[in-house]
Amino acid sequence: MSLLATLTADMKTAMKAKDKVTLSVVRMLKSSVSNEEIKLGHELSSDEEVAVLSRELKQRVEEFDSYKDAGRDELAADIEAQIAVVKQYMPAQLSAEEVTT
């Protein structure tokens, strides 16, 4: 199943569950993936999908850090929830043991 299909299914689930945070993040991810496909002119490969997800995750982490530094804990908590949703779509990271073998 492609990332766009997964995002669409998860968007429907979030709508039914009335989960506003997940719904907004999934919509943002779907939009980013669609925009990247339009920009490149073809369906994204797995590596290209991961690059888009990584870019979105990096933006959220930077935003989280800036809110935390500014003492805006309520906004930082919102961004932290968004980061958790984005991480669900990222591939599993290799452990240190797997990297060394």
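Student: Which hand is the crossing of H2 and H4?

Tutor: The crossing of H2 and H4 is right-handed, the word used if the near helix is turned clockwise from the far one by less than a right angle, with left-handed for anticlockwise. This is a predicted model, where local features need pLDDT of at least 70, side-chain atom pairs count only at pLDDT 80 or more, and totals for chains, interfaces and linings use all residues. Residues are numbered from 1 along each chain as its sequence is written, and side-chain values use heavy atoms, leaving out hydrogens and water.

Student: OK, and which residues make that contact?

Tutor: On H2 they are Val21, Thr22, Val25, Val26, Met28 and Leu29, and on H4 they are Ala81, Gln82, Val85, Val86 and Tyr89. Contact here means heavy atoms within 4.5 Å. By class, that is nine nonpolar, two polar and no charged residues. Ala, Val, Leu, Ile, Met, Phe, Trp, Tyr, Cys and Pro count as nonpolar, Asp, Glu, Lys and Arg as charged, and the others, Gly among them, as polar.

Student: At what angle do H2 and H4 cross?

Tutor: Roughly 55°, and their axes come within 9 Å. Axes are lines fitted to C-alpha atoms, for helices over the stretch in contact, and angles run from 0 to 180 degrees between N-to-C directions. H2 and H4 are therefore oblique to each other; angles under 35 degrees count as roughly parallel, over 145 as roughly antiparallel, 65 to 115 as roughly perpendicular and the rest as oblique.

Student: What about H2 and H3, what's their angle?

Tutor: About 130°, with the axes 10 Å apart. That crossing is right-handed. From H2, Met28, Leu29, Ser32, Val33, Glu36 and Leu40 take part, and from H3, Glu48, Val52, Leu53, Arg55, Glu56 and Arg60. This contact has six nonpolar, one polar and five charged residues.

Student: Switching topic: how many helices and strands are there?

Tutor: Five helices and zero strands. Both are DSSP runs (helices H or I, at least four residues; strands E, at least two), numbered from the N terminus.

Student: And which residues of H2 are buried?

Tutor: Thr22, Leu23, Val25, Val26, Met28, Leu29, Ser32, Val33, Glu36 and Glu37. Buried means under 20% relative accessible area, with a 1.4 Å probe and protein chains only. They pack against H1 (3-17), H3 (46-69) and H4 (73-89).

Student: What comes just after H2?

Tutor: Gly41, which takes a positive phi of about 85°.

Key: Buried means under 20% relative accessible area, exposed over 50%, partly exposed in between (1.4 Å probe, protein chains only).
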